[in-house]
Amino acid sequence: MTTLILAVQHNRDGEHIGAIGFENGKLLTSVPEDMNFFKETTSKIPGTPVTMGRKTYQSIQPKYRPFSGRTTIVLTSDKTATFEDGVIVCHSISDALSRAKNFGGNEIFVAGGAQIYDQCFEMGLVDKVYLTRFFTDIGPEEGNPLVLLKNYYRINPESPDGFTIVNREDIQKSTKGTLYQFLTLMKK
Ligand SMILES: NC(=O)c1ccc[n+]([C@@H]2O[C@H](COP(=O)([O-])OP(=O)(O)OC[C@H]3O[C@@H](n4cnc5c(N)ncnc54)[C@H](OP(=O)(O)O)[C@@H]3O)[C@@H](O)[C@H]2O)c1
């Protein structure tokens, strides 16, 4: 099973249109409860594969990469690219997902960014989505362009297209003040 795990935030007009990051690689906001959710969800089975694009991998603080207790798979078109010890480098999504099947249990996580999520949707590869919504306007980096998920319309909880919401938790308030909500969607 291929599972996308992602967080979206209101764009600058206060709507959810699939904003997931800044083009400089930074996350839109840091919500510790969501960071913990990511770690717990991807760490349940030792060696669980977590696949991501090169830009997302390089946006992770060096001390946290590769992810402890999990198998980190990085996608790049650069055949000469090297990363930290332990990282599995792949050059196509199908190769990455096929190699991922050798690790962990039966769930392969895809952790972004937009390029990788969008290709997974467009290739019909997504079985399940863990979606976190942040109900707050984009904050501190006003001049920095946003990275948007083109396929957000498929999992937008207001009107999902091809997916069903199987879990919708109550909106909660982070210790940092951000309102957030966890949802799970499954392919119809
Ligand atoms: N909110 C969230 O849940 C969340 C999660 C993850 C990331 N993010 C944010 O998303 C942003 C990054 O997303 P992004 O879309 O710009 O970049 P990305 O998807 O992380 O990485 C893109 C790179 O992946 C490689 N790639 C893409 N498709 C490939 C393919 N089919 N085969 C081989 N390699 C492929 C290419 O690397 P090369 O250029 O090396 O060829 C490409 O430049 C950051 O701001 C990050 O913070 C947010």
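**Chatting over the fold**

Visitor: Hi! Which residue in β11 is the bridge partner of Val-129?
Guide: That's Leu-185. Keep in mind that this is a predicted model.

Visitor: Okay. How many bridges join the strands β7 and β11?
Guide: Seven bridges join β7, residues 128-134, to β11, residues 179-187. The two strands run antiparallel.

Visitor: And β9, how does that strand pair with β11, and over how many bridges?
Guide: β9, residues 163-168, pairs with β11 in the antiparallel sense, over five bridges. In that pairing, Ile-165 has Leu-185 as its bridge partner.

Visitor: What about β10, how many residues sit between β10 and β11?
Guide: Five, and the two strands form a hairpin. Gly-177 is in the turn, with a positive phi of about 100°. Two bridges join β10, residues 172-173, to β11, and Lys-173 has Leu-179 as its bridge partner.

Visitor: Switching topic: which residues are closest to the ligand?
Guide: Gly-21, Gly-53, Thr-56, Gly-112 and Gly-113 are the closest, in a shell of 29 residues around the ligand.

Visitor: How do the shell residues divide into nonpolar, polar and charged?
Guide: There are 12 nonpolar, 13 polar and four charged residues in the shell.

Visitor: Back to Gly-113. Is the peptide bond from Gly-112 to Gly-113 cis or trans?
Guide: It's cis, with omega near -5°. Gly-113 is in the loop between β6 and α4, and both Gly-112 and Gly-113 are listed among the closest residues to the ligand.

Visitor: And Arg-65 to Pro-66, cis or trans?
Guide: A cis peptide bond joins Arg-65 and Pro-66, with omega about -10°. You'll find Pro-66 in the loop between α2 and β4.

Visitor: Last one, helix α3. Which of its residues are buried?
Guide: In α3, residues 93-100, look for Ile-93, Ala-96 and Ala-100.

Visitor: Why do the buried residues line one face of the helix?
Guide: Looking down the axis of α3, the buried residues fall within an arc of 65°, so they line one face. On the other side, Ser-94 and Ser-98 are exposed.

Visitor: What covers the buried residues of α3?
Guide: The cover includes the strands β3, β4 (71-75), β5 (88-90) and β6 (108-110), along with helix α4.

Notes. Residues are numbered from 1 along each chain as its sequence is written. This is a predicted model: local features need pLDDT of at least 70, side-chain atom pairs count only at pLDDT 80 or more; totals for chains, interfaces and linings use all residues. A residue is near a molecule or strand if its C-beta atom, placed from the backbone, lies within 6 Å of it. Ala, Val, Leu, Ile, Met, Phe, Trp, Tyr, Cys and Pro count as nonpolar, Asp, Glu, Lys and Arg as charged, and the others, Gly among them, as polar. A residue is buried if 20 or more other C-beta atoms lie within 10 Å of its own, exposed if 12 or fewer, and partly exposed in between; C-beta atoms are placed from the backbone. Helices (H or I, at least four residues) and strands (E, at least two) are DSSP runs, numbered from the N terminus. The arc is that of the directions from the helix axis to the C-beta atoms. Two residues are in contact if their C-beta atoms, placed from the backbone, lie within 7 Å. Two strands pair if DSSP finds at least two bridges between them.
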